[in-house]
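Reader: Hi! Could you walk me through this structure in plain words?

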Amino acid sequence: MTSILVNESEDPRLHAFIIGAGRYTYLKGGDGLPLPMQMGQLDAAPISALALVDWLIREYSGPVRLGTIELLLSASDSHSINVNGNDITVSDRADSQAIEDAFDRWKVQCDKNDQNVALFFFCGHGIEKGDLFLLLEDFGKRPNARFSGSFNFHQFYQGMRQCNSSAQLYFVDSCRSIPKLATDREVTAAKILIEPLVFGKARKAPIFYSTATNSTAWAPTDGQKTRFTDMLIQCLNGMASQKQQNRWVVTSGQLESSMMSLLNADPVQGQLCTCDGERTAQQTINILSSDPTVPVRIGANPNAVLQRLKFKLTSALHKREFVRDPSAQPWSLTVPAASYILSAEMSDQSRLIPSEEVYACPPMFERTLEIV
Amino acid sequence: MNISISFDNLPDAWIGYPVRVRFLDSDLNPVDNSIFLGSETHVAHDFTPGKYMVTIRMPSGEAMSQPVTLDDHNHIVRFTVPEKHSNHEWLSEQTFLGHAKFVKSFMSPNNDPWNGLFELKIWRQTGWAGASIKLEEFGTVDAQYQDGQHGTFNIDAPLKETLVASINYGGSAEPQMYICVPPTPKISTARQPKTVVDVSILPEESLDIASRLKASINTSSLSAQSLISYLTTGDITSASVVSDSLIHQARQHFYEKNEDVVGAVVAGYFLQMTSNIKFLPADWFENLADRLFPSIADGPILYAYRLMDDCGLQPTEMELDPIAKQLQSASARGLPIFSRGLRLLQDGLVAMRNSYNKMGRTGKAEGLSELLTRTSFYLSRCNPSNPYTTIVPIDPTNAVFQLLEFVRAKR
């Protein structure tokens, strides 16, 4: 059992259910007889899951405090989590045996208060054929019921309408493509964690997918977390924040807009982040204790003029100045969110370029100066 | 003070679309508003004097920004629309590749089938020289004119119901893809009476058959079109900002018996998606499902979800039966116009089956299982990334033919 119990009280809390399925016994590179499929092992999945757990424990500062984390991890190595100075060894594997108990424990916590926030995160393999099936470590164990090592995400999502938490966040970092194995079968006997019933409770429950339907999600093999999870954590830390009543907050709507604009502006191998589910823009997820930082990129047209341009960004609010000497590349830097005066000066003083006020606001700021 | 926004270079076809405008003050506090694109549009907000960054967020996802200093006088903020996009592409891709049964109310304000030309505009990677399409009702049609990779097919006939068009490409004699051309939505007399369907075919070496064809349809409801586009690009904040006008219109349309079915359905789905379906009364959905548009599947699906919203933790059989009736009605009408409808139909049937089973009404549960099997078949071949129901064959030599037989049988 890997329950990380930060606080089990019945006050409103955030309760997380996090699954990192990286080792697959019956896929390429696993210990069992591999299925005839292209899919293999995913080292990035447990790394990504652990990164989110780490963020929740150390940096999360939402409208409700952290309650519990249910963690299932299938990784090559053993892992432990440090909570308040105590090391907790992650013992539960992300397999079809452990998932039911972990889900039940999570739901009990979520049901304790309707102001709770339920957070679900999965990183691993997925197959979508009508419904999305998320694959667990023992996927393929039973040759006559291969999908018994998976669970039906869509039915799980619908079933969670019965959960008492009015705010629910779902993050799915997996493929959504259809391999031949799935096209052979009309019906897939996947695990149902909770049966959907007719129940009329409204909820704020956005789903963030790392990729679109019929598409592949890519995972790094160099020990890094996935691009989706990396961006998720950056967004939660401020890249998806906006100012509300003098506080910088990350809301579900802003997270959606920012994740999609940041990930999809430069997609890797056609992987496009998409969002779905029952959602409003009103659920606050994280409240920042200081101004967020904003990636800034300042260029010039024509590009060649950059070699003669000196840039300066000045903030009266932060009493700071950022300077860049002439260079062949556009100026890329990270600054605290604020309005700035952008000045540009030709090194040979051949042209006068008027200063302008610019607003460096999350998720990013880009400006190309037209030098006539 | 009064603030207006004006657009230079605004194409005529864009006029009237609601878009989101954001004012960011120098402390980076945002104020969101919606405006209708036009030559000079007033912004309904009481601003305090100061410096602002004004950003127009287009439904395509593009943004245009201008700084402005507001004092006590009236102001006009001017934007120049870039010329790099065509009239329809800025709205982002909208795909219709599915089945909608003929309904009179789709056609014209006076319910007469609209007679005349309709235009099918298809984008093909390799152009249209020597290529043709075949429409079930009208035989083979050659492109009347080409504009780069776009071929335009004018068909001089009434568009009464969904047409099935086969497309040959790559030199094959056998059709490799079928599309269903929807009947035109309500024709607005102020606009050109044409249905424009854009179908894009990606390079033939693409293995991803789902992405080979892209179709877009322009509806006559500008608010609905903006909302669909924002939702397609995932901009829920902008969608929420512009949805007010659509929901207001939808409410008005129904009480005034104006028959803008696409706008009404989009408003219904948006409310369901944002857990605000109770915003519209149940009789509004009843009208949508049973009275005004008795032939489209989306109406009873939305009505079923409106009824579900009234259920508590332990719904009674008397509460469940009307919901089941609506889902059965939807299943009998063929595929819904919007892919979200197909997803909701499946989810609704699963929940109903489980709820009947839980109260021991296994006969009623089994009755829904049969519908569920059929819905699952289509859902597993549907591409939900496209807002309109898009069916792609998993096995192109088999599934697409089964599908089209179903479409024909339902007519």
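Author: Happy to; below we go through overall shape, core, strands and salt bridges.

Author: This is a predicted model, where local features need pLDDT of at least 70, side-chain atom pairs count only at pLDDT 80 or more, and totals for chains, interfaces and linings use all residues. Residues are numbered from 1 along each chain as its sequence is written, chains are lettered from A and ligands numbered from 1 in the order in which they are written, and side-chain values use heavy atoms, leaving out hydrogens and water.

Reader: Thanks! How many helices and strands are in chain A?

Author: Chain A has six helices and 22 strands. Helices (H or I, at least four residues) and strands (E, at least two) are DSSP runs, numbered from the N terminus.

Reader: And how compact is chain A?

Author: Its radius of gyration is 23 Å, close to the 21 Å that the globule rule gives for 372 residues, so chain A is as compact as a globular protein of that length. The radius is taken over C-alpha atoms, and the rule is 2.2 Å times the number of residues to the power 0.38. The C-alpha trace of chain A spans about 75 × 50 × 40 Å along its principal axes.

Reader: What share of chain A is buried?

Author: Buried residues make up 60% of the 372 in chain A. Buried means under 20% relative accessible area, exposed over 50%, and partly exposed in between (1.4 Å probe, protein chains only).

Reader: Which residues touch the most others in the largest nonpolar core?

Author: Among the 121 residues of that core, Ile18(A), Phe120(A), Phe151(A), Phe153(A), Phe156(A), Leu255(A) and Leu313(A) touch the most other members. Helix α1 (residues 44-58) of chain A gives the most to this core, with eight residues. A nonpolar core here is a set of buried Ala, Val, Leu, Ile, Met, Phe, Trp, Tyr and Cys residues joined through side-chain atoms within 4.5 Å.

Reader: Why would they gather like that?

Author: In soluble globular proteins, nonpolar side chains tend to be buried together.

Reader: New topic: which strand does β11 of chain A join?

Author: Strand β11 (residues 205-209) of chain A is joined to β14(A) by five bridges, and the two run antiparallel. Two strands pair if DSSP finds at least two bridges between them. In this pairing Tyr209(A) stands opposite Thr274(A) in β14(A).

Reader: Is β14 of chain A mostly covered, or mostly uncovered?

Author: Strand β14 (residues 274-278) of chain A is mostly covered, as four of its five residues are buried.

Reader: What does Asp276(A) meet in a salt bridge?

Author: The side chain of Asp276(A) meets that of Arg340(B) in a salt bridge (3.0 Å, N to O). Arg340(B) lies in helix α7 (residues 339-358) of chain B and Asp276(A) in strand β14 of chain A, so the pair joins two chains. Arg340(B) is buried, with a relative accessible area of 17%, whereas Asp276(A) is partly exposed at 26%. A salt bridge is a side-chain nitrogen of Lys or Arg within 4 Å of a carboxyl oxygen of Asp or Glu.
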